[in-house]
Amino acid sequence: MLLTSRAGKEPEQLLECSVGQPSEIKVTVSGDDQHDSKRSSGVLSLDIHPSQIPCNLGGIRFKNYYTGFVTMKVKVKTEDDTGNHKDGCSWKTCLHQYQLMPNSHCETASQDYFTIRQNEMLFPPMNVMMVKLILQQPSPVWITFKVEEIALLSDRPQEKESNPSVLDWLHEQGDYVAEEESSGIQRDSSSRQISEHMHKLWALTETIQINQQTQSSLGRFDVDGSYEINLLSYT
């Protein structure tokens, strides 16, 4: 299923997907008393499952939340020498430790939106079955880090809907009026009068707005109901 992107100047398509819960990678540390303890490694793993597989990715978009680096791995269907798909799949790294925060100890870009497109990756992610994000935050300053509002971008541009423009509609109305006049059909005189009155009302509104602007510009020199000559002479 393809959805329309709400963000961005260029029209593009979003691939519907489901995002799993992030899992923290623990590091086992051996203690002096021969008791092992698990500590946070500052690394999270997050799985993304596209609804339609295999799919071709044009990029990924997300909102950062104090993540320093992101690595993106894709599970792709393997192909033989002739380009036909095999039964097996393999994991490939298409983005390696992409820096999100210039300094992990500072808040710069800690909550910014990021769009990483296909041309910024190590290779175009095609025939993707699954996406895995590995989030890293080496700084101990931030207790929680993650990425939010994750969206997978399609490699195909958004198809523009063929909506008739206002100019086309006016041309159609003009052709319709010309057909009426040529066929001898008389239009209702009341509709013409309403149209003329509306044009006059619009012109009157424009005139009132211009007069109000002129009066407001002159009113700044008004002092107790009269004008100060010295103020007017310096303008």
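Leaving aside its neighbours within four places in sequence, which residues is N64 in contact with? Select N64 and you'll find L100, M101, A109, S110, Q111, D112, F114, K146 and V147, where contact means heavy atoms within 4.5 Å.

Before going further, some ground rules. This is a predicted model, so local features need pLDDT of at least 70 and side-chain atom pairs count only at pLDDT 80 or more, while totals for chains, interfaces and linings use all residues. Residues are numbered from 1 along each chain as its sequence is written, and side-chain values use heavy atoms, with hydrogens and water left out.

**Stop 1: stay on N64**

N64 lies in strand β6. Strands here are DSSP runs of E with at least two residues, helices are runs of H or I with at least four, and both are numbered from the N terminus. N64 counts as buried because its relative accessible area is 0%; the scheme is buried under 20%, exposed over 50% and partly exposed in between, with a 1.4 Å probe and protein chains only.

Now show the backbone oxygens around the N64 side chain. The one on A109 lies 3.1 Å from a polar atom of that side chain, and the one on S110 lies 3.4 Å from a polar atom of the N64 side chain.

**Stop 2: zoom out**

Colour by secondary structure: the protein has three helices and 13 strands. Of its 235 residues, 26% count as buried. Take the contacts between residues at least 6 apart in sequence, and 71% of them join residues at least 24 apart. The accessible surface comes to about 16,700 Å², with 51% of that belonging to carbon and sulfur atoms; the areas come from the Shrake-Rupley method with a 1.4 Å probe, and for residues only the protein chains shown count as cover.

**Stop 3: the nonpolar core**

In soluble globular proteins, nonpolar side chains tend to be buried together. Here, select L57, I60, F62, M72, V131 and L133: these have the most contacts inside the largest nonpolar core, which has 30 residues. (Such a core is a set of buried Ala, Val, Leu, Ile, Met, Phe, Trp, Tyr and Cys residues joined through side-chain atoms within 4.5 Å.) The elements giving two or more residues to this core are β5 (36–50), β6 (57–65), β7 (69–79), β8 (85–99), β9 (113–117), β10 (128–136) and β11 (146–157).

Centre on I60 next. Beyond its neighbours within four places in sequence, I60 is in contact with I48, M72, F114, T115, I116, M121, L133, I150, A151, L152 and L153.

**Stop 4: salt bridges**

Side chains of opposite charge can pair when their charged atoms come close. How many salt bridges does the count come to? Two, taking a salt bridge as a side-chain nitrogen of Lys or Arg within 4 Å of a carboxyl oxygen of Asp or Glu.

Select D47 and K132: their closest N and O atoms are 2.6 Å apart. This pair links distant parts of the chain, with D47 in strand β5 and K132 in strand β10, 85 residues apart. D47 is partly exposed, at a relative accessible area of 22%.

Then pick K146 and E148, whose side chains meet at 3.3 Å, N to O. K146 counts as partly exposed at 33% relative accessibility, and E148 counts as partly exposed at 25%.

**Stop 5**

Go to the loop between β5 and β6, where P54 sits. A cis peptide bond joins I53 and P54, with omega about -5 degrees.

In the loop between β6 and β7 you'll find Y66. Y66 isn't a glycine, yet its phi is positive, about 60 degrees. Y66 counts as buried, at 9% relative accessibility.

The loop between β9 and β10 holds N127, another non-glycine with a positive phi, near 55 degrees. N127 is buried, with a relative accessible area of 17%.

N119 is also found in the loop between β9 and β10. Is N119 buried or exposed? It counts as exposed because its relative accessibility is 68%. Draw a distance from the C-alpha of N119 to that of G59: 8.4 Å, for residues 60 apart along the chain.

**Last stop: a greasy patch**

Select I194, M198, L201, L204 and I208, which make a nonpolar surface patch of about 500 Å². Patches use residues with over 30% relative accessible area and no salt bridge, joining like charges within 9 Å and nonpolar side chains (Val, Leu, Ile, Met, Phe, Trp, Tyr) within 5 Å. M198 is found in helix α2 (residues 189–218), and M198 is exposed, with a relative accessible area of 53%.

Notes
Polar contact = N/O pair within 3.5 Å; in protein donor to acceptor, adjacent residues only side chain to side chain.
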